[in-house]
Amino acid sequence: MENFTTDFAILLMGIFLLSGVLMTKLSARAGVPALILFIFLGMLLGSDISGLIYFSNAKVAQMVGVLALIIILFEGGLQTQWKQVKPVLGGSIVLATVGVLVTTSIVAVAAYYVLGIGWLEAFLLGSIVGSTDAAAVFSVLAGQNIKQKLSSTLEAESGTNDPMAMFLTIVFIEWIMMPDTSAWSLAGMFFLQMGLGVLFGFGLGIFASKTMNKITLDAGGLYAVLSAGFAVFIYSITAVLGGSGLLAVYIAAMIIGNRELRHSHSIISFHEGFAWLMQIAMFVILGLLVFPSELADWDLIWKGLVLSFVLIAIARPIAVFISTSFFPYTLKEKWFISWAGLRGAVPIVLATFPMLAGMENSHLYFNIVFFIVLSSALLQGSTIPVVANLLKLNGPAVPKRIHSLELVSMDRANAEMLEVELSASSPFAGQLLQTIGLPKKTVISAIIRDGDLVMPTGSTKLEPKDVLYILTEKDQVKNVKLVLAEENMK
């Protein structure tokens with residue numbers, strides 16, 4: 001790779017991006033998670049197959065992976081609605097903590113006997129694969145008409161369990177490298193990390209949202225860049241001070257996304273695209289880090305299959321049933337949550353930690369984890385909609401949000417454009433526009449109905465799922481929201 005010219009390296013980047021975007025279409029049609037195709041693209045371009053790129057730098061892969069996780073978690077938090085997460089918050093938190101511990105322990109027992117490694121090494125491997133993956137869960141559940149209670153539980157769990165898995169991974173590496181480490185000091189480190197993560201997440205989330213609402217920038221697109229800057233800053237400042245940066249990022253994003261936010265359309269649209277870009281980069285690089293010739297080992301394959309089976313069919317269900325035993329989930333819902341515990345980028349990124357620590361058998365851990373992730377994504381990720389349908393856990397059809405209507409920055413015009421989607425049970429459905437009673441200096445500029453534009457007049461009758469674009473003075477935004485309090489508003 002060092003012999004590449006600048007132009008050729010840029011050409012490869014262009015191929016990565018174009019291929020990644022096209023693969024999202026292919027994955028949707030084939031019913032296979034996009035991360036699988038991105039990883040295969042990286043493996044195809046690697047030295048073992050095409051010989052085009054030789055890449056073995058675990059540190060670079062880890063840095064790209066962590067940065068990608070920051071952006072993906074931030075985007076997921078922005079899209080998470082507090083009113084949907086609140087009813088399932090308790091179950092999600094227990095899944096993200098107790099569930100990870102139970103999964104880690106069961107996989108560790110299997111790894112001890114299957115791989116013939118020590119107990120600490122076995123628990124290290126269990127920790128690496130102990131958490132579900134936010135990138136995989138967010139992308140697979142996006143647009144699926146799965147029961148809201150379940151999708152909210154899975155998204156909240158995957159957004160908050162990465163810190164637990166990362167903490168356990170670091171703990172067992174430290175225990176292996178320094179056997180005299182005190183258990184009490186590790187317990188203190190856990191509470192410090194999680195406590196600072198929550199504290200910084202709440203505090204910096206409020207600060208970031210107030211800053212973005214009060215600051216006046218020359219271009220509307222800069223607000224999206226500002227929000228990305230806050231995401232990286234929140235992670236880094238929390239991590240540098242000893243807290244869980246990933247937890248802080250997710251909490252901060254939830255706070256920002258659930259408060260009044262200027263230029264919300266451009267910010268959310270930017271982060272959707274940015275998160276996809278980081279997913280493509282992360283999975284391609286992780287694919288490059290893998291050498292397929294090392295995976296084509298029957299001893300590795302059967303051991304990987306056994307551990308994958310233990311994780312998917314034994315550890316995850318037991319962890320789910322224990323974690324949700326005190327929460328109102330039905331038997332079918334528990335089985336679905338068990339099946340939807342996807343593994344993805346997080347375990348592969350965590351598998352680079354032992355490599356960077358120079359641990360014995362680190363390449364074995366990486367290859368086993370990679371094998372587990374592939375099998376989980378292929379088997380579980382491609383069948384989640386089918387399993388939801390078989391268990392009759394489908395919710396109402398998920399409407400497609402419309403993000404194509406963008407406005408030039410209105411900072412100087414003292415105006416705001418709001419997007420409001422009428423719910424299926426909206427009290428305004430069937431009413432004429434002139435009877436809604438919107439505040440003064442407020443007008444409905446456009447209505448999108450089933451993908452078509454409807455030019456509104458006073459005699460236009462509203463229908464469920466209509467998307468209204470309302471132009472109003474900034475001072476009237478709160479009054480508009482009072483009138484349309486129960487609707488889905490952006």
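Here is a short briefing, running from the whole chain down to single residues.

What you see is a predicted model, where local features need pLDDT of at least 70 and side-chain atom pairs count only at pLDDT 80 or more, while totals for chains, interfaces and linings use all residues. Residues are numbered from 1 along each chain as its sequence is written, and side-chain values use heavy atoms, with hydrogens and water left out.

**The whole chain**

- The C-alpha trace spans about 75 × 60 × 45 Å along its principal axes.
- Of the 490 residues, 53% count as buried. Buried means under 20% relative accessible area, exposed means over 50%, and partly exposed is in between (1.4 Å probe, protein chains only).
- Take the contacts with a separation of 6 or more: residues 24 or more positions apart account for 80% of them. A contact here means heavy atoms within 4.5 Å.

**Surface and charge**

- The chain has 29 positive and 32 negative charges, and their mean positions are 11 Å apart. Lys and Arg count as positive and Asp and Glu as negative, leaving out His and the chain ends; each charge is placed at NZ of Lys, CZ of Arg, CG of Asp or CD of Glu.

**Strands and their partners**

- Start with strand β1, residues 415–421: seven of its seven residues are buried.
- In a regular strand, side chains alternate between the two faces of the sheet. In β1 both faces are covered, with Ala415, Met417, Glu419 and Glu421 buried on one side and Glu416, Leu418 and Val420 buried on the other.
- β1 runs antiparallel to strand β4 (residues 467–473), and seven bridges join the two. Strands count as paired if DSSP finds at least two bridges between them. Met417 has Leu471 in β4 as its bridge partner.
- β4 also pairs with β2, again in the antiparallel sense, over six bridges. There, Ala446 has Tyr469 in β4 as its bridge partner.
- Strand β2 covers residues 442–449 and is mostly covered, with six of its eight residues buried.
- β2 is joined to strand β3 (residues 452–454) by three bridges, and the two run antiparallel. Ile447 stands opposite Val454 in β3.
- The hairpin of β2 and β3 has two residues between the strands, and in it Asp450 takes a positive phi near 55°.

**Positive phi in the loops**

- Asn361 sits in the loop between α18 (352–356) and α19 (362–381). Its phi is near 70°, a positive value in a residue other than glycine. Asn361 counts as partly exposed because its relative accessibility is 34%.
- Lys392 lies in the loop between α20 (384–390) and β1. It isn't a glycine either, yet it has a positive phi of about 55°. At 66% relative accessibility, Lys392 counts as exposed.

**Exposed residues on the helices**

- Helix α1 (residues 6–30) holds Leu22, which is exposed with a relative accessible area of 61%. Leu22 and Ala34 are 12 residues apart along the chain, and their C-alpha atoms are separated by 10.0 Å.
- Met13 is found in helix α1 too, and it counts as exposed at 51% relative accessibility. Met13 and Ala281 are 268 residues apart in sequence, but 9.3 Å apart in space, C-alpha to C-alpha.
- Over in helix α10 (residues 183–214) you'll find Phe191, which counts as exposed at 60% relative accessibility. Phe191 and Ser244 are 53 residues apart along the chain, with their C-alpha atoms separated by 10.0 Å.

Key:
Helix = DSSP H or I, 4+ residues; strand = E, 2+ residues; numbered from the N terminus.
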